[in-house]
Amino acid sequence: MDLSTVVGIVAAFALMIVAIMSGGSLMLFIDPASMMIVLGGTIGATLVHYPFRSVFGAMAVFKKTVFHQETAPQAIIGQLIQFAGKARKEGILALESFLDEVKDPFFQKALQMAVDGQEAEAMKEMLDKEIEYIQERHESGADIFIAMGSYAPAMGMIGTLIGLVQMLQSMSDPSSIGPAMAVALLTTFYGSVIANILCLPIAGKLKNRSGEEILSKTLIAEGMRCVLAGENPRLMEQKLHTFVAPKLRESNFKK
Amino acid sequence: MDLSTVVGIVAAFALMIVAIMSGGSLMLFIDPASMMIVLGGTIGATLVHYPFRSVFGAMAVFKKTVFHQETAPQAIIGQLIQFAGKARKEGILALESFLDEVKDPFFQKALQMAVDGQEAEAMKEMLDKEIEYIQERHESGADIFIAMGSYAPAMGMIGTLIGLVQMLQSMSDPSSIGPAMAVALLTTFYGSVIANILCLPIAGKLKNRSGEEILSKTLIAEGMRCVLAGENPRLMEQKLHTFVAPKLRESNFKK
Amino acid sequence: MDLSTVVGIVAAFALMIVAIMSGGSLMLFIDPASMMIVLGGTIGATLVHYPFRSVFGAMAVFKKTVFHQETAPQAIIGQLIQFAGKARKEGILALESFLDEVKDPFFQKALQMAVDGQEAEAMKEMLDKEIEYIQERHESGADIFIAMGSYAPAMGMIGTLIGLVQMLQSMSDPSSIGPAMAVALLTTFYGSVIANILCLPIAGKLKNRSGEEILSKTLIAEGMRCVLAGENPRLMEQKLHTFVAPKLRESNFKK
Amino acid sequence: MDLSTVVGIVAAFALMIVAIMSGGSLMLFIDPASMMIVLGGTIGATLVHYPFRSVFGAMAVFKKTVFHQETAPQAIIGQLIQFAGKARKEGILALESFLDEVKDPFFQKALQMAVDGQEAEAMKEMLDKEIEYIQERHESGADIFIAMGSYAPAMGMIGTLIGLVQMLQSMSDPSSIGPAMAVALLTTFYGSVIANILCLPIAGKLKNRSGEEILSKTLIAEGMRCVLAGENPRLMEQKLHTFVAPKLRESNFKK
Amino acid sequence: MDLSTVVGIVAAFALMIVAIMSGGSLMLFIDPASMMIVLGGTIGATLVHYPFRSVFGAMAVFKKTVFHQETAPQAIIGQLIQFAGKARKEGILALESFLDEVKDPFFQKALQMAVDGQEAEAMKEMLDKEIEYIQERHESGADIFIAMGSYAPAMGMIGTLIGLVQMLQSMSDPSSIGPAMAVALLTTFYGSVIANILCLPIAGKLKNRSGEEILSKTLIAEGMRCVLAGENPRLMEQKLHTFVAPKLRESNFKK
């Protein structure tokens, strides 16, 4: 699970709630009609902008991003070295025994292809196409959250304008002006919170995670190509190490 | 028909109307003079920016985008495989019988060219030129909506400034200040609604749809080139499948 | 003349004047001192940004853009085909009789070069350099209007701040607050109108027109090269048609 | 001297002062404490952003830009043609007599290199490196003014917030509210003036001037290369003319 | 230590404190609850956007940037020339005596590689990979400060909205409105200060420093390659001088 996302959202909301409650009741900030207009309007504008399946897909991508545990690159390199050694000693078919051990579906697919007798270059090409498609899906997901982050404050302002116009039209009772204006400002508040605590930071996280996932998938694709091509495990390790930061480069071989 | 566009616009406006009516009369938000200045000013600025035919063309492109039903890529691949099989068995001329079956005018044109005896590469080149022109027209359409989405809020602000100046010049009757200011804010409200619920999301949708349409047209152009070149239907399917997402790759051949 | 520019500006200003007059006197919105500070400040900042000759050049480019009537690409292609036919039958020198017929100075220059016995490639190169220079001048013109469109609202805000500070310093007579604030807001109003109805849309139109002019000049340069090279008129037409949209491709030859 | 910069700044400030004085005393707009917070804060933020020497360097680049008189490209071409003629008749060493005549230090350096017996290509390479470094220094200067143009309005707003908070905390005497708020608005006014009349337009001018200076330096470098290579003066003129606009292309030879 | 960063921050804050204290008590501007909501919300949103290790890494990069003293390029070139002379006379192994003299860990690592008998090209490649990774880490650090600089003002506005809503809901006591609104504005003030005096300028400085560090590391990598390749020290100096500005090019050889 991506802890920092959860910690960040919880911390920001908790701080906001504490700040609100230290100054009065939390109920003053909960107005279902205002929430409806901001949330509904934002989703409406997003649906005009994107087709249904992209909008729902973005939510799925976000959920997967938060809960998916990426394998560390060093661990992947370790496994690939192990596969290379096994394949050189006992042949490619011997890799079948690892199929259950590997958790990542992309890695499993690559392994299955290898066991099925696919050629090195053909497998690499198909895996690369797949990576490209994953990357595109990630980017499109981030773009949708960015769009929502720009529509939400606009809807907040529209809601506030509605409240102001209604308040200004009926100023007979001066004592009602304050509360009416308070309610009018709530939509701006909601729009700003949705955009700056949820949508825009989530879009940023999706982009960051995409980079990591693409890296580890590229590592798997390149590594499995080396395994199928029967390359020397030591040289293969050196090649794969160029993908990771120097301080993460732990050799699997004793010098 | 592009459902999400219609659903999004209807939902956003319905929510807004419900929110307005829960707080007072809808009539407070309808002011023909204010609408005139925002809509008219936006169209005026857009005409200064773009020539007449581009502005009218953008509306046509939008209408076509909403009502046009794009054929799914899998269905197009299915048809192309069918054509390839027929052409290999009975010759290119046998494709004439499909001319009525195909609905998409671009596909029809490609088929007609094939039946007319055009060569594979020459046909591909002409179809590619056509695709390029369609793409440019789409992009220009989206750009016009983006321009309108930036002029509308500006016109809204100009209208509000007019209202404020008039109100401030005649503040003898304090009870008239509220309603006058309410009316002045209406133009800002209109400008914001036009930009954020209509123009900007529509521009986004045009860009998204353009991508899909270009993809399916490219699929047709590449597929018809394969048909004319007499390529093996199975290899041709593999080639065309690289254009679509993995989960949409259903083979037309039994393994 | 570029009708849409004139129609757009007239329509936007007419609407604004009607809206103003329906709510009070137009004179409330005319304040020479406020106009002076916004217009003068905008021109001042633009002169700091650009040298004199660029600023005056931008005005000339705009005037020419509005009044210049671009020849339709089809008509240019028609003429070029005619020249090619004549040149093949009677020799390049026979083109001299067309020198008076051609109105566009760029086309005249190209024709003169041809008649003077310039070689095809050398003429093409010199015309291309000239096109490049025209394009650069257009772009620089559009950039100046964009700069003015960003300085005008800033000057408007500066003017409003001046008015507000003066008003706030002398609030002894409450009845004077309204009118003083109304006048202060006028500069913001002027800045917004100058930017959004004049400068920014004009910058957009200059960019659009530049594209068209460059296209027709490129058509002339390529066409004259074909004429000098003595290419087949039918093939030349096919080549030139790739520059225009499919629906504008009318052949000059009967099939 | 770059007249339009001086005229623009003087005109904008003069207009502003006239506008202020027509509405009251100029002294209302002079508040040393407010100036200190905006100017000091802007310089502070700029020093956090850039090292000392870059900030001071930017001021020097600006001063040089305003007072430096660029030689017209035509005059440079004329001189280069003259040098080429002399060098062909009397040898490269004869150019030594021109060393005092040439004012531009870059031109002098190029001439000195030629007289010192440097080879054509080696000299060109060293001059190009020098041009590259000049361009980088110019760009960095423009970037610093852009940064200052974004920090100044922010500091203005911070100053206004300070004034507002202080005013709101002590509203016991209603008659003091107006003047206190007037003073609070002054920082926003200063920030806006510094950004929009000074920093941003100056950054633009630096970019424009850099383009001109780079052009004339490139002209010198290419021209001196031709001189050293002993090229034909007429061909050399044609080559150098491609650097300047057509209407500035005056031949130094009688046809 | 990077003096201008420290001077800039201290100057900006000192000016602000002086300005505040000249108008009242500094305590009016210190509100722990408001600080908590702005700082906490900004960190929360940043954690949603970036993983934990990147956020902590950014702080470390900043601290290192402020306190790290970059060696001047001329000094580095001088040392490299010295190494080259020694290596040519006494062999590569003689460089071991310099290992303690060199302070920069990157330079030490390069020297160690040379002494260990690494080949010139292989060492260059590994050092380049390392430089690339350093650059990426720097850029990611700057991006995090830019993100914080955009979230801080948003959190400030959210805090002000909370304060306004609470104030408007309880306007029974008019005398409490001023102070309540003053407190509400404090979050906007904090957000603006954090963004414009800390986050954004620091992001700019990180980018500037990154450029310098990358330059000096590239100089070391290229220079050590020359040393290992046994190049002529004079030619090597000429090559390395192209990395620095002309006025910093002091030769280590007497002419």
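Some ground rules before going on. This is a predicted model, where local features need pLDDT of at least 70 and side-chain atom pairs count only at pLDDT 80 or more, while totals for chains, interfaces and linings use all residues. Residues are numbered from 1 along each chain as its sequence is written, chains are lettered from A in the order in which they are written, and side-chain values use heavy atoms, with hydrogens and water left out.

**Symmetry**

Now take chain E and chain A. Chain E can be laid on chain A by a turn of 72° and a shift of 0.0 Å along the axis, with an RMSD of 0.1 Å. These two copies are therefore related as by a five-fold rotation axis. Within chain E, the residue that comes closest to the rotation axis is E:P174, with its C-alpha at 11 Å.

**Two interfaces**

Here is how the two contacts line up, with contact meaning heavy atoms within 4.5 Å. Buried area is the accessible area (1.4 Å probe) that two parts lose on being put together, summed over both.

| Pair | Item | Value |
|---|---|---|
| Chains C and B | Residues in contact | 39 residues from chain C, 29 residues from chain B |
| Chains C and B | Buried area | about 3000 Å², 76% on carbon and sulfur atoms |
| Chains E and A | Residues in contact | 29 residues of chain E, 40 residues of chain A |
| Chains E and A | Buried area | about 3000 Å², 76% on carbon and sulfur atoms |

Chain C and chain B share one salt bridge (a side-chain nitrogen of Lys or Arg within 4 Å of a carboxyl oxygen of Asp or Glu). The partners are B:R53 and C:E212, at 3.6 Å from N to O. There are also seven residue pairs in polar contact between chain C and chain B, both residues at pLDDT 80 or more. A polar contact is a pair of N or O atoms within 3.5 Å; within protein, one must be able to donate a hydrogen and the other to accept it, and residues adjacent in sequence count only if both atoms are side-chain atoms.

On the chain C side, the elements giving two or more residues are α1 (3–23) and α7 (177–228). Helices here are DSSP runs (H or I, at least four residues), numbered from the N terminus. α7(C) gives the most, with 20 residues. By class, that side has 25 nonpolar, 12 polar and two charged residues.

Over at chain E and chain A, one salt bridge turns up as well, and it joins A:E212 to E:R53 at 3.6 Å, N to O. Seven residue pairs are in polar contact between chain E and chain A. On the chain E side, α2 (32–49), α3 (52–67) and α6 (120–169) each give two or more residues, and α6(E) gives the most, with 15 residues.

**Inside chain D**

At the start of α5(D), a side-chain oxygen of D:D104 reaches to within 3.1 Å of the backbone nitrogen of D:F106. Just after the helix, D:G117 takes a positive phi of about 90°.

How values were computed:
Nonpolar A, V, L, I, M, F, W, Y, C, P; charged D, E, K, R; others polar. Least-squares fit on C-alpha atoms with pLDDT ≥ 70 in both.
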